[in-house]
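The following exercises are to be worked with the sequence and the coordinates open side by side. Each task is followed by a solution in steps.

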Amino acid sequence: MMKIRKLFSVFIVLAFLSPVASHAAKSTEELPNIPWGFQKVFSTYDRPALQRGFQVYKEVCAGCHGLDKVAYRNLSGLGYNPDEIKAIAAEYTVIDGPNDEGEMFERAAVPADRFVSPFPNDNAARASNGGALPPDLSLIIKARTNGPNYLFGLLTGYAEEAPAGEELLDGQYWNKYFPGHKISMAPPLSDGLITYSDGTEATVEMATRDVVEFLAWASEPTMEARKQMGVKVLLFLFFLSVLLYIVKRRVWRDVH
Ligand code: HEC
């Protein structure tokens, strides 16, 4: 009996601890609720939005945030062909080596390289950002509760100034959705900051939607394959059930 009681109390303690353990992006504000296409049961990513989102990442976010789980060759998932990917990779420089003389050397990136990070290490990143570390964005959508809506809120939820009674330090900004509200990232987007190559008007909301779509893809590039496999498995199970039913009727025909 004692044992059961002890077990029970351990369970209760764990139940209270678990929300602390998970990094939930909690703030007092209710998050926006956007009906993201890619979250629907059978849907895929929107290719034009992915390409626009990549442009937003590349031209704005990549100045501070890395994407080190994604390789340039993965961009084929956005609809780019091998030549386009080679050209995109070649815009970046990676440090490779050591060569025969034992020296590290610089070379142009190739499709097999991961996205080049904007800073050589975390200390350099902090030093350039007033002590705050811009996190790698590869898995950010999965790392935050209700990731797509949180990110949408974060990027569109800046206030002009802090509410009365709140002090912001130098380099801090008031954000409706950031936990604690004081964020050390200046509002990265503004209307018309980007000129989309497909002619879409780049309002803050549009650029945010697109970059969220792109980062959702980055965090799960295999989502479409997973959904297709799910459909195939369901179809298979359906036909198997029909087949088993027919066989069962045959086998038991003489008994009934
Ligand atoms: C000038 C540098 C800079 C640029 C450009 C920038 N960020 Fe940031 N970002 C930061 C810093 C610094 C932090 C850390 C803020 C903090 O901890 O207070 C941050 C934090 C974040 C976070 C984490 C918030 C959290 O919940 O912890 C996300 C998500 C993010 N940025 C997304 C983006 C996106 C998307 C873009 C491009 C549209 C972008 N950032 C552009 C510097 C930047």
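A contact here means heavy atoms within 4.5 Å. The model is predicted, so that local features need pLDDT of at least 70 and side-chain atom pairs count only at pLDDT 80 or more, while totals for chains, interfaces and linings use all residues. Residues are numbered from 1 along each chain as its sequence is written, and side-chain values use heavy atoms, with hydrogens and water left out.

**Exercise 1.** Determine what share of the contacts between residues at least 6 apart in sequence joins residues at least 24 apart, and list the order of the elements.

Solution. Among the contacts in the chain between residues at least 6 apart in sequence, 64% join residues at least 24 apart.

**Exercise 2.** Find how α2 and α7 are oriented to each other.

Solution. Axes are lines fitted to C-alpha atoms, for helices over the stretch in contact, and angles run from 0 to 180 degrees between N-to-C directions. For α2 (residues 47-59) and α7 (residues 204-219), the packing angle is about 100° and the axes are 7 Å apart. The two helices are therefore roughly perpendicular to each other, a class that spans 65 to 115 degrees. Residues of α2 including Phe 54 and Tyr 57 meet residues of α7, among them Phe 214 and Trp 217.

**Exercise 3.** Work out which cluster the ring pairs form.

Solution. Rings of Phe, Tyr and Trp (its six-membered ring) pair if their centres lie within 6.5 Å, with planes under 30 degrees apart counted as stacked, over 60 as edge-to-face and the rest as tilted. The count by this rule comes to 12 aromatic pairs. One of them joins Phe 238 and Phe 239, edge-to-face, at 5.5 Å centre to centre and 70° between the planes. Ring pairs also link Phe 54, Tyr 57, Tyr 72, Tyr 80, Tyr 92, Phe 115, Phe 214 and Trp 217 into a cluster.

**Exercise 4.** Decide whether Phe 239 is buried or exposed, and explain why α6 is largely enclosed.

Solution. Buried means under 20% relative accessible area, exposed over 50%, and partly exposed in between (1.4 Å probe, protein chains only). Phe 239, at 54% relative accessibility, therefore counts as exposed. In helix α6 (residues 147-156), 9 of the 10 residues are buried, so the rest of the structure largely encloses this helix. Its buried residues, among them Tyr 150 and Phe 152, pack against α5 (140-143), β4 (182-183) and α7.

Technical notes. Helix = DSSP H or I, 4+ residues; strand = E, 2+ residues; numbered from the N terminus. Parallel < 35°, antiparallel > 145°, perpendicular 65-115°, else oblique.
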